[in-house]
Amino acid sequence: MPDLRVLVLGGTTEGRALAGRVPVISSLAGRTSAPLLPAGEVRVGGFGGVDGLTRYLRDERIQAVVDATHPFAATMTAHAAVACPAAGVPLLVLRRPGWTAGPGDVWHRVPSLAAAADAVPALGERVFLTTGRQSIAAFAALDGCWFLSRSVERPVPPMPRRVEVVLDRGPFSVESERELLLSHRIDVLVTKDSGGTAAKLDAARALGIPVVMVDRPALPAGVPTAATVDDAVRWLGQLG
Ligand code: NAP
């Protein structure tokens, strides 16, 4: 492994795994009050848009960037795709693969949170919302539905009138997800296509519960991608 100054845009399991494999500076947005910290050096907080990130890359003499942010952190990914070429720094996007429906899955793929909110009322009244606290506003006007909303941090208004909030961080087991769906008499599950472990999807399939699956935002054109931490380590290894 060449001795490079590497910035990892993190906030994900993959970002933490990469920081455990190679020496890097990890960057977190600072959204959660008790974040799971990666190994090694960590910086916290936004860079100040594309210009701020470009300046940071130059000032800190960063030689490679791995964007390991969540697949739905589209703004950070778009900023990196502009700032890295501007600063002359190679960029890799590390993205875990999305989910694909299998036998027994009843999925309704939608292109956005707004489309998910449109789709929900026809599928059921009692909704398990797992799209994260920043997404809850999209469902705020659905007075006809009752929501069980799960997130790491407490959501803030606007949010649905009839909502029970569960604060929890995965991973979850299929058995505990099944119990949650049954005890709350859930009719429909709403999730982003985040990829990774999928106990809630296994539980929904076993119970025949339909899933509204929000598609990922598109990646910026022309940026190389890796699907696994191993591939990202290999990419770093061939630089320098
Ligand atoms: P976003 O909408 O793409 O980014 C909004 C702004 O937050 C960015 O412009 C940047 O501010 C700052 N930011 C985001 N990620 C950052 C990072 N890793 N380091 C420093 N600044 C960062 O991002 P988001 O969806 O709010 O996600 C924020 C963080 O939570 C990310 O690290 C992501 O990996 C993690 N996360 C997101 C989700 C999700 O569903 N979106 C789920 C799990 C974890 P400046 O413009 O000031 O640089």
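Residues are numbered from 1 along each chain as its sequence is written, and side-chain values use heavy atoms, with hydrogens and water left out. In this predicted model, local features need pLDDT of at least 70 and side-chain atom pairs count only at pLDDT 80 or more, while totals for chains, interfaces and linings use all residues.

Colleague: How are H2 and H3 oriented to each other?

Modeller: Helices here are DSSP runs of H or I with at least four residues, and strands are runs of E with at least two, numbered from the N terminus. The axes of H2 (residues 49-59) and H3 (residues 74-87) come within 8 Å and cross at roughly 50 degrees; axes are lines fitted to C-alpha atoms, for helices over the stretch in contact, and angles run from 0 to 180 degrees between N-to-C directions. Angles under 35 degrees count as roughly parallel, over 145 as roughly antiparallel, 65 to 115 as roughly perpendicular and the rest as oblique. H2 and H3 are therefore oblique.

Colleague: What distance separates a polar backbone atom of glycine 10 from an oxygen atom of the ligand?

Modeller: The ligand is surrounded by 23 residues, and Gly10 is one of the closest; a residue is near a molecule if one of its heavy atoms lies within 4 Å of it. For an oxygen atom of the ligand, the distance to a backbone N or O atom of threonine 75 is 3.0 Å, and to a polar backbone atom of glycine 49 it is 3.1 Å. For glycine 10, the distance is 2.8 Å.

Colleague: Which residue does a cis peptide bond join to proline 158?

Modeller: Proline 158 is placed in the loop between strand S8 (146-151) and strand S9 (163-167). Omega of the cis bond is about 5 degrees, and the partner of proline 158 is proline 157.

Colleague: Where does arginine 61 lie?

Modeller: Phi of arginine 61 is near 50 degrees, a positive value in a residue other than glycine. Arginine 61 lies in the loop between H2 and strand S4 (64-67).

Terms used:
Polar contact = N/O pair within 3.5 Å; in protein donor to acceptor, adjacent residues only side chain to side chain.
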